[in-house]
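Good morning, and thank you for joining this group meeting.

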Amino acid sequence: MKDLEHEASGNVFPGDLRERVSRQMILRELGEKGQAAISSAHFLVIGAGGLGSPAILYLAAAGAGTITVVDADTVSVSNLSRQILHTTSTVNVNKAKSAVIAVERLNPHCRIIPVPEFADAVKLKALVKNADVILDCTDNFATRIAVSRAAHDAGKPLVFASAVRFSGQLTVFDPSVPESPCFECIFEEDDPGNDVKAAAVGVFSSVTGIVGTLQATEALKIAAGIGSTLCGRQRDPRAPHQEGAQLGAPHFRHHRRAQHAVRHHQGEAQEALPRLQRKALKEKRALKPNKRNGPETKVRGRSVGNDPKKRASGSS
């Protein structure tokens, strides 16, 4: 990402863009520097459907500098209940081109680049190279793997999401973070259960809006360099009738490229140690005197014993 601290002399906020994003820019965590980073960032969105629609709209509304939209599909009437980027007037129009119409109407300062074709591995490599943040908004497993590999090879952060029925998944894969897994660490290529499509099992319209909006939020945070992302974690926003949002780490399988793994333990992701190292660590801990009495108390996944002071300070 570019260092934009010196951009005061540049035309980072053309026209009325400063006024458009003024409520966002007064956030102490963001400020003018963070907003300038967003306004100079290049976002690559693969897929302009249920997830891509809210993601693209909120990226543009937040003052994104450039958005490249890749989608070879055309708008159909059955898309309109959840793909809010498109309208009745754009039915039978390519989705990437329909995105141009919507974004130019919403924020004329945002540069939108349509790619109305299928992006193979070679095309993806070129597109990813020119982007700062990649958003995978597709519903095709083969495409997800291709996007993941292109982003990983280029060392670019990837915001992944999916939504079917009443639930969705959201996480960030960032090769710049040593502990970060990749898409194939979590989803096995030969597992047919990983290729469930909304067209086959259905999806609740507003769920795609929630997940796609969260996807834009993660991408904007990465571009601005603020907050902590969902890298190494997975968010599962669910519809109201279910048990609510779940925030935890999935079980990450062996990372064949970076040769590391992360395992799920008490709702937190931690680096997995080789077997002998784990055994040695366990033996070392066993030698330490146990000053705690009675059973341990779990506070947000941490063992804090029965000491009231420790329990009070155990929250993260």
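Let me begin with the lining of the largest pocket, to which helix 7 (141-154), strand 5 (158-164), strand 6 (167-173) and helix 9 (198-201) each contribute at least two residues. Helices (H or I, at least four residues) and strands (E, at least two) are DSSP runs, numbered from the N terminus. Please note that this is a predicted model, in which local features need pLDDT of at least 70, side-chain atom pairs count only at pLDDT 80 or more, and totals for chains, interfaces and linings use all residues. Residues are numbered from 1 along each chain as its sequence is written, and side-chain values use heavy atoms, with hydrogens and water left out.

Strand 5 provides the largest share of that pocket lining, four residues. The space in the largest pocket is about 890 Å³. In total 44 residues line the largest pocket, and Cys137, Thr138, Asp139, Asn140 and Arg144 are the closest to its centre. By class, the lining of the largest pocket holds 19 nonpolar, 15 polar and ten charged residues. Here Ala, Val, Leu, Ile, Met, Phe, Trp, Tyr, Cys and Pro count as nonpolar, Asp, Glu, Lys and Arg as charged, and the others, Gly among them, as polar.

On a 1 Å grid over the protein atoms alone, a cavity is a set of points where a 1.4 Å probe fits but cannot get out, whereas a pocket is an open set with protein on both sides within 12 Å along at least five of seven lines; lining residues have an atom within 4 Å of a point. Grid points are joined across faces, edges and corners, and a volume is the space filled by probe spheres set on the points.

How many cavities of 30 Å³ or more are there? The count is one. The largest cavity contains about 70 Å³ of space. Its lining comprises 13 residues, with His152, Phe173, Pro175, Pro181 and Cys182 nearest the centre. Helix 7 gives the most to this cavity lining, namely three residues. The lining of the largest cavity divides into seven nonpolar, four polar and two charged residues.

I turn now to helix packing. Two packed helices are described by the angle between their axes and the distance between the axes. Axes are lines fitted to C-alpha atoms, for helices over the stretch in contact, and angles run from 0 to 180 degrees between N-to-C directions.

The axes of helix 4 (residues 52-61) and helix 10 (residues 205-224) come within 7 Å, crossing at roughly 40°. Helix 4 and helix 10 are therefore oblique to each other; angles under 35 degrees count as roughly parallel, over 145 as roughly antiparallel, 65 to 115 as roughly perpendicular and the rest as oblique. In helix 4, Pro54, Ala55, Tyr58 and Leu59 meet Thr208, Gly209, Gly212, Thr213, Ala216, Ala219 and Leu220 of helix 10, where contact means heavy atoms within 4.5 Å. This contact of helix 4 with helix 10 has seven nonpolar, four polar and no charged residues.

Helix 4 also approaches helix 5 (residues 95-106), their axes coming within 9 Å and crossing at roughly 30°. Helix 4 is therefore roughly parallel to helix 5. Ile56, Leu57, Ala60 and Ala61 of helix 4 make the contact with Ala102, Val103 and Leu106 of helix 5. By class, that contact has seven nonpolar, no polar and no charged residues.

Finally, the axes of helix 3 (residues 31-39) and helix 10 come within 8 Å and cross at roughly 110°. Helix 3 is therefore roughly perpendicular to helix 10.
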